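Biologist: I'd like to learn how to read a few features of a protein model. Could you take me through one, starting with the terms?

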Amino acid sequence: MKNCYVDIHVIQTVPPSCVNRDDTGSPKTAVYGGTTRARVSSQSWKHAMRSMFKEIFDRDLLGDRTKRVAELVAERIKMTDGAIDDDKCQKLAIDACKSAGISMDKKKEQQSDVLMFISEAQARELARLAVEKNNGGDISGNDFKTALKEHPSVDMALFGRMVASDPSLNYDAAAQVAHSISTHTVHNEYDYFTAVDDLSPEDTAGAGHLGTIEYNSATLYRYATVNVNELRKNLGDKVTAKTVKGFVEAFVRSMPTGKQNTFANRTYPDYVYVAVRDDQPANFSGAFEKPITAGADANGAFEESGGYVGGSIKAFSEYSEEVYRNYVSKPAASWDVGKPAAGMGTEHVTFKELLNKVEEYITEKNCENEVM
């Protein structure tokens, strides 16, 4: 079976914002190519994607990352058999979780000691087994473990699950998401603000509160990849193509919510390039090791009024062609959306068309693998 990776490359401009903060409240940064770049962590963007999954996928296909596993299972037990009282449901749920290999908190037995990723289907199956055992059925600990191992959610298959107390319950992540970095050098700025006390006397001078918020603005390069064969191994052929389509949609459309009410920084990408590779994934961040200079347009000309987008797309196009020429073959299929990139040799489509073409391609690949 050939490798099959779907690479997603995004160039996106974000206005003044504080999308992702560090422990001091400052926008996250990284040094790359010897200069400071804006950075948005992969964890931050994956959380935004998982939130958007709720709009894209049916609830039955999703999971929850929580310490309240027993509470979740207890609710499903109650739904399965309403005759069981709440206290009994809680006890059955705790026993089911322990039997499945989930390590429970010693002080708060109704909670797991760490965050646990569990799918809706797994919670329902644990509940069914718990009720069957309560009714005298011959249910073993292995049955509970099997229930927690099978029926993964799409987000679990994409982002993986690690259970330190029982590695047999682990899932290898089929998707990888890179930290987003600005294609150019950035310098954080400060917004000084004041707040007025609405009920203060008219002759009172001064503000009721003052403070500062640190922010920056940037043109970001974002990258993610999906191992389609790994995804298929955990989800099967039926939902793999739909999952890849949903992943692409969520990666492109989602935005972390840091200080969003303050900055209203929700934007769409300037350029999206999706490539299906049959060798290995290819991150093109090297295109921006030399920071882009403001004003270079897509044709390389310098305009005083220009920004970073044109130069970023041009650098991306040239670097990808260099990689294809010297190291790896061109992708098996590729599409781009947004401002045209010279030299990419790809099919230019709308975003809706892109999603449909990705799903169609993966569906066809599934059929080919079945024949093989």
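Predicted model: local features only at pLDDT ≥ 70, side-chain atom pairs only at ≥ 80, totals over all residues.

Biologist: Is T225 buried or exposed?

Modeller: Buried means under 20% relative accessible area, exposed over 50%, partly exposed in between (1.4 Å probe, protein chains only). T225 comes out at 2%, so it counts as buried. It sits in strand β9 (residues 209–227); helices (H or I, at least four residues) and strands (E, at least two) are DSSP runs, numbered from the N terminus.

Biologist: Which residues is T225 in contact with, leaving aside its neighbours within four places in sequence?

Modeller: Contact means heavy atoms within 4.5 Å. On that basis T225 is in contact with Y5, V6, D7, A174, A175, Q176 and P281.

Biologist: What about the nonpolar core; which residues touch the most other members?

Modeller: In soluble globular proteins, nonpolar side chains tend to be buried together. A nonpolar core is a set of buried Ala, Val, Leu, Ile, Met, Phe, Trp, Tyr and Cys residues joined through side-chain atoms within 4.5 Å. The largest one here has 50 residues, and I8, F247 and V248 touch the most other members. Helix α8 (residues 237–253) gives the largest share of this core, 8 residues. Beyond four places in sequence, the contacts of I8 include F247, V248, F251 and V252.

Biologist: And how many cavities of 30 Å³ or more are there?

Modeller: On a 1 Å grid over the protein atoms alone, a cavity is a set of points where a 1.4 Å probe fits but cannot get out; lining residues have an atom within 4 Å of a point. Grid points are joined across faces, edges and corners, and a volume is the space filled by probe spheres set on the points. This structure has 2 of that size. The largest holds about 100 Å³, and among its 13 lining residues V19, A38, R39, V40 and N216 lie nearest its centre.

Definitions and conventions
Residues numbered from 1 in each chain as written. Heavy atoms only, no water. 1 Å grid on protein atoms, 1.4 Å probe; cavity = no way out; pocket = protein on both sides within 12 Å on 5 of 7 lines; lining within 4 Å.
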